[in-house]
Amino acid sequence: MIRSRPEAVDRSTFGTDGVRAETPLKDARLPPRKVLFVCPWVPSRLRPRSLGILKILLSAGHSVSVVALTGPGEIEDDLAELGVRFRLATSRRIFSFARAAAALPSRKSLQTAYCSGIQFRGLVRAEAARFNPDVVHFNVLRSTVDFDRFASIVRIVDLDDIRSDYYRQVASDHSLPSGRRAIARLERPRMKSREAALAASADAVLLSSPAEAIGARSYVIRTPMEFPGNTLNRQRTNSRNVLFVGKLDYEANVEAVLSFVRDAWPAVFAADERARLHIVGANPPDAIRSLVSESITVHADVPAVWPFYDEAAVAIVPVESATGVQMKLLQAFVAGVPVVASSITAAQAGLKPGNGVLVAESGPAWANAVIRILRDQQLRVELVADAYEHLKPWAQDQVATELQSAYRAAVVSQESR
């Protein structure tokens, strides 16, 4: 069956986005600044990196004003709760795609063109004139539509991941439709050029993965997480739930789920008929909805993912086209759920096989790894304990300190120009 919006359970230890709402910043040596935060989406629990970084900036005493793009159905509740000033530009896909198409004859990144609408650029300029910021913080590459306009002040770009590498993976994956590979071949050099230009001219470039670096002024700023101290005691001895969490309108996630269900799930279910696969995420396409069966349930557009982690015996991250650090991996670590992941997912998080995860590549390997975790109580305990140790670099306070250091370095960089 397909289920929508189950009741959320109370998680008073940490919020639905995995970030504690009120975490004091221990290292606030950088004097408060006025930060214009430019974002191509509305920061929310579904966008935990941008929301978590906003919370850190506010906790440090910085004044922050947000300009963001909003699409149909996006909710500003999480942003409004911060008490921060924000202005939203409406994004209509038909016009965004038209701008991207118009950019095809040029060398401009199609993603940047997608977001470069008149209303969005106008709001960024108007808010900059009103707010007079000390720092402009661009959240991911596609929001840098007015980057050159702010050359006289501190410019920080949170790339999050090296997106050109994702397009390299897509372009070389012959299992994908030829149209997708063609677009990836077009966009990859454009985005790579844009990333290089930003690395050369920004005062700081932020990346979420320790496996990635770009330029001398790049800094690893992990996505901030808070995690309770009692996850190691949660054994889940009776659960046979296998869990996938992710945005289901994102092609890499759809491909991952379809591949797992096709190549691994039949063997898992044959080995344990009590096993149940729960697929949780927003906007599932027909290809995902059609997977529903006796042993597979799709949970669409849920208000919180943590109730599903609470009931899971194992979480899977079979994503093969991956850059940055997969939030679904970190969320499973936070919730104390053992994980099976693809090798690229583990590597992007700085993990080796056995470092809190089992790594699988082929369908039989995926099935064997999931079955091992379902059957082996001691293995589950060991994986969770190891994962908990590897999660520590993503702790809110540590990320806050690293972000402050990057901001200080950016200020010094601008002052030395």
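1. Contact here means heavy atoms within 4.5 Å. Helices (H or I, at least four residues) and strands (E, at least two) are DSSP runs, numbered from the N terminus. With those terms set, take helix α6. The buried residues of α6 pack against α4 (110-115), α7 (178-201), α8 (251-263) and α13 (343-348). Buried means under 20% relative accessible area, exposed over 50%, and partly exposed in between (1.4 Å probe, protein chains only). Helix α6 spans residues 163-172 and is mostly covered, with 7 of its 10 residues buried. They are R163, S164, Y166, Y167, Q169, V170 and A171.

2. Basis of the model. This is a predicted model, in which local features need pLDDT of at least 70 and side-chain atom pairs count only at pLDDT 80 or more, while totals for chains, interfaces and linings use all residues. Residues are numbered from 1 along each chain as its sequence is written, and side-chain values use heavy atoms, with hydrogens and water left out.

3. Overall make-up. The chain holds 16 helices and 14 strands. Of its 417 residues, 55% count as buried. Take the contacts between residues at least 6 apart in sequence: 70% of them join residues at least 24 apart.

4. Nonpolar cores. A nonpolar core is a set of buried Ala, Val, Leu, Ile, Met, Phe, Trp, Tyr and Cys residues joined through side-chain atoms within 4.5 Å. The largest has 67 residues. F120, L159, Y309, L329, F333 and V339 have the most contacts inside it. Helix α12 (residues 327-335) supplies the largest share of this core, 7 residues. A second, separate core has 32 residues, including A264, W265, A360 and I373.

5. L159 in detail. Leaving aside neighbours within four places in sequence, L159 is in contact with V140, L141, E195, L198, V205, L206, L207 and I214.

6. Two packed helices are described by the angle between their axes and the distance between the axes. Axes are lines fitted to C-alpha atoms, for helices over the stretch in contact, and angles run from 0 to 180 degrees between N-to-C directions. Angles under 35 degrees count as roughly parallel, over 145 as roughly antiparallel, 65 to 115 as roughly perpendicular and the rest as oblique. The axes of α1 (residues 48-59) and α16 (residues 396-415) come within 10 Å and cross at roughly 75°. The pair is therefore roughly perpendicular. On the α1 side the contact uses I53, I56 and L57; on the α16 side, Q396, V399, A400, L403 and Y407. By class, the α1 and α16 contact has 7 nonpolar residues, 1 polar and no charged. Here Ala, Val, Leu, Ile, Met, Phe, Trp, Tyr, Cys and Pro count as nonpolar, Asp, Glu, Lys and Arg as charged, and the others, Gly among them, as polar.

7. Helices α14 and α15. The axes of α14 (residues 363-375) and α15 (residues 377-391) come within 5 Å and cross at roughly 105°. This pair, too, is roughly perpendicular. R372, I373, L374 and R375 of α14 meet Q377, L379, R380 and L383 of α15. That contact has 4 nonpolar, 1 polar and 3 charged residues.

8. S209. This serine sits in the loop between β7 (204-207) and β8 (218-220). S209 is buried, at a relative accessible area of 0%. Residues up to four places away in sequence aside, S209 touches D160, V220, G324, V325 and Q348. A polar atom of the S209 side chain lies 2.4 Å from the backbone oxygen of Q348. The distance deserves a check.

9. S342. The loop between β13 (339-341) and α13 holds S342. S342 is buried, with a relative accessible area of 0%. Its side chain joins that of T345 in a polar contact of 2.8 Å. A polar contact is a pair of N or O atoms within 3.5 Å; within protein, one must be able to donate a hydrogen and the other to accept it, and residues adjacent in sequence count only if both atoms are side-chain atoms.

10. Positive phi. Most residues other than glycine have a negative phi. N132 has phi near 50°. N132 lies in the loop between α5 (118-131) and β5 (135-139) and counts as exposed, at 56% relative accessibility. D160 has a positive phi of about 70°. D160 belongs to strand β6 (residues 154-160) and is partly exposed, at 23%.
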